[in-house]
Amino acid sequence: MTNMGELDSGNISGHDQGFTIVDWNGDGLLDVVTSGSKAKYELLLNEGTPTEPKLAAPRPISCDNLELWGTWRVRPAIAEIAQTAGVDRIWVDMEYIGKADRQGGMDTVQSHHGIQDIRNIRNAVSRAEVMVRINPIHDAAEEYGSSREEVDAAIKAGAQILMLPYFKTVAEVRTFVELVADRARTLLLVETPEAVEKIHEILQVPGIDEVFVGLNDLSLGYGHKFMFVPLADGTVERLSKLFAAANLPFGFGGIASLGKGMLPSECVIREHYRLGSGCTILSRSFCDVHKISDLDQVRAIFTKGIRDIR
């Protein structure tokens, strides 16, 4: 193939691409299916001729109206290690719609987990619960299915808790609760100034089981350069009082191992205790499993780290 078009220019999501040549649409022309280090499958249709191929721009491949991703981040063995060490929930993160735009250039994790990852984790753990962050409420598009399809697929795959991120309106929360329909527990991720502004009305929606405050996106929404400003300026404290008054379990932010983190985890843990928080997320810096491949080392970090925190 002399004219590789988009493939030659490198204009494909991810890097370290692998590709397969196949007549995808049965038109007699050879097309290209790619998957890179992020395990996102994309299709480049041949719009040229058999002798002078010309590839179109890459587009995501979907299955049952859900964008197809591989399992580049999910390692069930680590989920089992975390469970044994005392972690109560294993998080599968399917959110990607709009996330790269609002967090562009930041050193944040964008996992791109998929439905198969939920199944893999559910099969790997027995005590810990499987929590899945879905995408914000959305309609179907060419690149992905609707929120209804995503919620149904996640629950069918074994999600026990569904987290709704980046909502701004009461209507989005109401739609989320209706889509879940008591088939899993619902958890709201409060991470926009708009959600904070409407939190009184939001908490009146029947069917909310838990709430979590996402410090990273919330701080971005307010224009702060330090993610812990909402904790320091009283925003999280004001929210926590409202959550407690509504008798809703809540948590916020993430923590590293003791003595580590952008803000030492001991300081953050004290705030959890003071505000009555019941949960937090272990941050990437607690144990970066993409830099540590030895499972015995991972096990040692989790065992000691969780014991020290508790």
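The expected span of a helix is 1.5 Å times one less than its number of residues. I start there because helix H13, residues 295-309, can be checked against that figure: its 15 residues should span 21 Å, and its end C-alpha atoms are 21 Å apart, which agrees. Keep in mind that this is a predicted model.

Staying with H13, which residues are buried? They are Val298, Phe302, Gly305 and Ile306. These residues cover an arc of only 95° around the axis, which puts them on the same side of H13. In general, an α-helix has 3.6 residues a turn, so residues three or four places apart point the same way. The face of H13 turned away from the buried side carries the exposed residues Asp296 and Arg307. Covering the buried residues are, among others, helix H2 (76-85) and strand S13 (279-282). The N-terminal end of H13 is capped by Asp294, with a side-chain oxygen 2.8 Å from the backbone nitrogen of Asp296.

Strand S13 takes us to the sheet. How many strands form it, and in what order? Seven strands make an open sheet, running S7-S8-S9-S10-S11-S12-S13, and the pairing is parallel. S7 (89-93) and S13 are the edge strands, each pairing on one side only. On average, neighbouring strands of this sheet are turned by 25° against each other, direction ignored. Arg89 stands opposite Glu129 in S8.

Next is helix H12, residues 265-275. Its buried residues are Ser265, Val268, Glu271, His272 and Leu275. Seen down the axis of H12, the buried residues fall within an arc of 120°, so they line one face of the helix. On the other side of H12, Arg270 and Tyr273 are exposed. What do the buried residues of H12 pack against? The partners are helix H10 (229-232), helix H11 (235-245), and strands S12 (250-255) and S13. Just after H12, Gly276 takes a positive phi of about 85°.

Is Ser147 buried or exposed? Buried means under 20% relative accessible area. Ser147 has 2% relative accessibility, and therefore counts as buried. A polar atom of the Ser147 side chain lies 2.8 Å from the backbone nitrogen of His138. Leaving aside neighbours within four places in sequence, Ser147 is in contact with Pro136, Ile137, His138 and Leu179.

Definitions and conventions
Residues numbered from 1 in each chain as written. Predicted model: local features only at pLDDT ≥ 70, side-chain atom pairs only at ≥ 80, totals over all residues. Heavy atoms only, no water. Helix = DSSP H or I, 4+ residues; strand = E, 2+ residues; numbered from the N terminus. Buried < 20%, exposed > 50% of the residue type's maximum accessible area, 1.4 Å probe, protein only. Arc of directions from axis to C-beta. Contact = heavy atoms within 4.5 Å. Polar contact = N/O pair within 3.5 Å; in protein donor to acceptor, adjacent residues only side chain to side chain. Pairing = 2+ DSSP bridges. Axes fitted to C-alpha atoms, helices over the stretch in contact; angles between N-to-C directions.
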